[in-house]
Amino acid sequence: MVTLGHYSLFFALILAGWATIASFLSFVGKGRGLQTSAERAVLGTFALIATAVVCLEHAFLTDDFRLDYVFHYSSTSQALPYKIGALWGGQAGSLLLWVLMLSAMGSIMVLTNRTKNRALMPVATSVVGLTMTFFLGLVNFLESARPFVMGAARPDGVGLNPQLKNYWMMIHPPTLYTGYVAFTIPFAFAIAALATRRTGDLWFRTTRRWTLFAWFFLGTGILLGAYWAYIELGWGGYWAWDPVENASLMPWLAGTAFLHSVMIQEKKGMLKVWNMTLIILTFSLSIFGTFLTRSGIISSVHAFATSDIGPAFGVFLGVVFFGSLVLLVTRLDVLRSEGRLESLLSRESTFLFNNMILVGIAATVLFLTTFPILSEAATGRKVTMGPPIFNLVNIPWAIVLLLLTGIGPLIAWRKASRANLKRNFTVPMLVGGWFLMLAVIVDGRAILSALGGLARAAASADVAGAFEKFGSIYPALTFGAGAFVLGTVALEFWRGVRVRRSQHGESVPVALGQLVWRNKRRYGGYVVHVGVVVVFFGIAGSSAYKQESIATLAPGGTMSIAGYDLHYDRLALEAVDDYIGAKTTLTVARDGRVLGPLVAEQRLHPNLVFPELRAAFLNAKAMAGGDPGAYHDAVAGLYPLIRDLEGRAGREVKVPSTEVGIRASMTPLRPTRFGEDLYVIPLAVDPFTGQANFRVFVNPMVNLIWLGGFVFVFGAILGLLPDARERRRLQAAIDYEERAVA
């Protein structure tokens, strides 16, 4: 199976290269037979890569530790789901998964365009083929990217990184990769449109669902990653402006801008150059994100180790970005706008402002993420760009963007009249204003203090201090702007239902269902806006109003925070084959009422550093069926052994995984306040006395982030469903293109 997988990847590289060359020759020489051959080569490439993936998974499932990749990311005791998920646990396997997805999407592109878009398909196929060739070149020739490297026969493996042994981490990378990879298809059609000078509506109508698909999966992957970080990394947060987090956010922002901007080209024939630039930027940022993850130039919990893969990605990124821009510049003559911006008070201008802010935030994140690299290269000094600077720059613009989310759908095209503004915005503005005043009243003391600090900072010309003080007002502004957006969405739904009831005599539920079903794209977008608002509410509440406390307790001790009383009941030690678990149990009460037990666990994974500890682990585990006291002593006895090994090796055992156990709000039997989490982390535990150092967070409204994520997913899926109107518009664009050519 190993030999089959190795040669499958080699022949896949040959077929991908042929697909690239044959489709390009078909474009240059108009050879129909060559294009057919190229499309068949894409299908063959997918079959060969799928064979290689099956071979690698077989090696994981059969514990074939002769393979270096299996040895480093699996073990005999690793659970079946994690053996399967270990495919993307390391660099070589994740690249293999990437090219598998790319070849699958290329195959779908070929199969769905067998009888249409024949003028665009040669160049689009060539772009997809070139991208596949690049990735297959990596997994065939670069040492750190080859999944089928053989080593000596070994009885057991190291095992997967403990932080990856989490359900959400098993689905987070494939979801994120799907979003990254799927942007290749709209990019390929955009390049095809430029190369063939067919820059009308056809290319973006053809790829609209591809773009939505990519944007949806990338956004969902970001949310899943945030949830994984929240429940696994043990720091009480979900977003840290980590470089690799930023790498996924940037293409999503650019893709969001493209989805909104292309509506102006569809309606008014404007912003053609801008839309081409956006899709080029989106795909380039997707490649850049992969470059950041794998180049080793940044330090991140998500990133892979330094390897020989970074320079190859850098060259490919340069060719893609600058080559696309050169092609764009040579086609400016066929990208002239058919309309013009008539008024600042119009939907066109609102969408344009929306685009500018989205791209501006993406550019800011890009600059701040890469600044430490540039600074070190220029001056030799390392600098750190932490969350405060990212928040300082991006939060104000995010609130403005949230406000524009409500304005865009209601303001008129071309030019809004006074009557239009009054009719559409009176009620939403009243709702937003009411929520803003309510937030100011609830948080009035903090806001007054912030305003006082703002005045003092402004008087002393302390710009940074002024911005910091002004940040205390952001939650109230967020709630006001979010309520305004919810008001605009509710108004749109209410008007649509009222029209259907008057025209068809339907009941409210039937009218609502028919309204949404017949306009999936429009109302799916509104649902996505609602999800975004709910996420903003969760971010604002959990960031502004969270409370934190640290206390050292012995069993029987109690600590209090934000109305909760936490009684430390007991400590239990356990030895598993790859970690020592120090499991603390606390009883949570509020206002004298017991909510229930909460288990928080600290896990040490010394076996990753000292494999010789495996026998000691298994020996302690074997005592589990005997006297509990003897088992406790055996496990506690491992701690001095580990410290002794640390001292002799000069290496410290890290604590890569801290489990929070059951958070109080996750079980209906132990409800907390609305949307609130009680998050407990045992920072350090003495195995002999049971004394533990606890860090406790109370995160108000944090669960609104995950609720908003569900709403976002629902709205995006609704927009992705087949729509008869979209099919008719696409067919009209195809017919128009064919008549223009004839």
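The following legends accompany close-up views of a predicted model.

**Figure 1. Confidence across the predicted model.** The mean pLDDT of the protein is 84, and 87% of the residues score at least 70. Among the elements, helix 8 (residues 184-196) has the highest mean pLDDT, at 95, whereas helix 18 (residues 463-470) has the lowest, at 50. Over residues 661-672 the pLDDT is below 50.

**Figure 2. Packing of helix 14 against helix 15.** Helix 14 spans residues 347-379 and helix 15 spans residues 387-407. Their axes lie 10 Å apart, at an angle of about 160°. Because angles over 145 degrees count as roughly antiparallel, helix 14 and helix 15 are assigned to that class. The crossing of helix 14 with helix 15 is left-handed. On the side of helix 14, the contact is made by T350, F353, N354, I357, L358, I361, T364, V365, L368 and T369. Helix 15 contributes I389, F390, V393, N394, W397, A398, V400, L401, L404 and I407. By class, this contact has 15 nonpolar and five polar residues, with no charged residues.

**Figure 3. Packing of helix 11 against helix 14.** Helix 11 (residues 243-268) meets helix 14 at an angle of about 160°, and the two axes are 9 Å apart. Helix 11 is therefore roughly antiparallel to helix 14. Helix 11 passes helix 14 with a left-handed crossing. The residues of helix 11 in the contact include P243, N246, M250, L253, H260, M263 and K268. Among their counterparts in helix 14 are E348, F351, L352, N355, V359, A362 and L366. The contact of helix 11 with helix 14 comprises 14 nonpolar, seven polar and two charged residues. Residues N354, L358, I361, V365 and T369 of helix 14 take part in the contact with helix 11, and these residues also belong to the contact with helix 15.

**Figure 4. Packing of helix 6 against helix 13.** The axes of helix 6 (residues 121-141) and helix 13 (residues 310-330) come within 11 Å. They cross at roughly 170°, which makes helix 6 roughly antiparallel to helix 13. T131, F134, F135 and L138 of helix 6 are in contact with A312, F313 and F316 of helix 13. By class, six residues of this contact are nonpolar, one is polar and none is charged.

**Figure 5. Pairing of strand 1 with strand 8.** Strand 8 covers residues 692-699 and pairs with strand 1 in the antiparallel sense over seven bridges. Within this view, I550 stands opposite R695 of strand 8.

Terms used:
Residues numbered from 1 in each chain as written. Predicted model: local features only at pLDDT ≥ 70, side-chain atom pairs only at ≥ 80, totals over all residues. Heavy atoms only, no water. pLDDT = per-residue confidence, 0-100. Helix = DSSP H or I, 4+ residues; strand = E, 2+ residues; numbered from the N terminus. Contact = heavy atoms within 4.5 Å. Axes fitted to C-alpha atoms, helices over the stretch in contact; angles between N-to-C directions. Parallel < 35°, antiparallel > 145°, perpendicular 65-115°, else oblique. Left-handed = near helix turned anticlockwise from the far one by under 90°. Nonpolar A, V, L, I, M, F, W, Y, C, P; charged D, E, K, R; others polar. Pairing = 2+ DSSP bridges.
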